[in-house]
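Hi there,

Here is the structure I promised to pass on. Have a look at it first, and then read my notes below.

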Amino acid sequence: MRAKPQSFDRVLSSMCTEPHPDAREAALQFLATNPGDPGTYPTVAALEDDAITALGEITGLEEPAGYIASGGTEANIQAVRIARERVNTPTPNVVLPESGHFSFRKAADLLGIELRIVPTDENHRVDIDAVSESIDEDTALVVGVAGTTEYGRVDPIPELARIAHDAGALCHVDAAWGGFVLPFTDYQWNFSHARIDTMTIDPHKMGQAAVPAGGLLVREAALLDELAVDTPYLETTAQATLTGTRSGAGVASTVAAFEALWPDGYAAQYERSQANADWLAATLEGLGYDVVEPTLPLVAAAVPTGTFDALRSKGWRISRTGNGELRVVCMPHVTRSMLESFVDDLAAPTVRERSSAPL
Ligand SMILES: Cc1ncc(COP(=O)(O)O)c(C=O)c1O
């Protein structure tokens, strides 16, 4: 095969990144292992326990339980599935902020659940009153996002958890992207801050593990039992994951990245990424663009369509929010010099002169 993977040097829109060298090495070593069959592959199964213990430490979960999923999509689907099993109604619903990831739409489709989408406020965080109004006795799950995909916002998680439990529903936090930076902030987002039942936290995003490494955590192991099906031909008797055979690469690289980076390496990376986001936001503002304040390392700015297209044609891998803003995710591979070169291109007359086209 001649094809080589593309480099990350112009990738500004991805929520994945270059894996840490130790994580890459571990992924290669465990590529052909299958944690989906722990009776046959006990080494990687034991490593998965270590991975979940690591994720538990990051998220303040005292008795960690969960598994390494294929990504945030699987973890979110599974969280909805747990909640559906717990609620006693033929017509369950899930209350989701409009900032929620589209994986919940897949979950709703697959599981036959009604999604009740609630608006966000002027700061792009979920409107708590709207959540309260949407909940009823058929509500299985209330979702909060800790690090939204488009603006990096953290919903008021303790309030959401309280409202959910008062209504007899479960509370899920989607920290797929934010989970590896939030420990170094003052946000209230994890199991020790609120009575969260389930959480998505993805090592293959800010955790610098290799793809595929998503994480599903549950407050108590009994919640995982809601997912378990019998596995007659395997050495073990039940399986809670959505996929059957799955790569041990994500499991091993999660542990390797954690051992290399927790906590100081992740803290330093957060500082670098946030400083880059703050610098980019200030620079774009200086150029006259409206910028959404980067409260986590993610910048959104209202850049005209012509400019956006010109930047893409220069090879920058950028994307837009639902409102049409340019979106730059300051992942670990996104360096200051990369952003300087991006801004140079943005400020070039051939790119800026297209700015007259409306957003
Ligand atoms: C908040 C959030 N949740 C879930 C996902 C889905 O994760 P994945 O693409 O790993 O399935 C994403 C992806 O960017 C995300 O930002």
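Predicted model: local features only at pLDDT ≥ 70, side-chain atom pairs only at ≥ 80, totals over all residues.

I began with the ligand. There are 13 residues around it, and those that come nearest are Thr73, Thr149, Asp174, His204 and Lys205. Which helix gives the most to the shell around the ligand? That is helix α3, residues 72-86, with three residues.

A polar side-chain atom of Thr73 lies 2.6 Å from a ligand oxygen. For Thr149, an N or O atom in the side chain is 2.8 Å from an oxygen atom of the ligand, and the side chain of Lys205 likewise has an N or O atom 2.8 Å from a ligand oxygen. On its own the ligand exposes 390 Å², of which the protein buries 84%.

The largest nonpolar core has 84 residues, and Leu12, Val131, Met199 and Phe342 have the most contacts inside it. Both domain 1 (21-261) and domain 2 (264-356) supply at least three residues to this core. Another core, of 26 residues, lies apart from it and includes Ala107, Leu111, Val218 and Leu224.

Leaving aside residues up to four places away in sequence, Met199 touches Thr59, His172, Val173, Ala175, Trp189, Asn190, Phe191, Gly215, Leu216 and Leu217.

Technical notes
Residues numbered from 1 in each chain as written. Heavy atoms only, no water. Core = buried A, V, L, I, M, F, W, Y, C linked by side-chain atoms within 4.5 Å. Buried < 20%, exposed > 50% of the residue type's maximum accessible area, 1.4 Å probe, protein only. Domains from an automatic or database assignment. Contact = heavy atoms within 4.5 Å. Near = heavy atom within 4 Å. Polar contact = N/O pair within 3.5 Å; in protein donor to acceptor, adjacent residues only side chain to side chain. Areas by Shrake-Rupley, 256 points an atom, 1.4 Å probe, with all protein chains shown as cover. Helix = DSSP H or I, 4+ residues; strand = E, 2+ residues; numbered from the N terminus.
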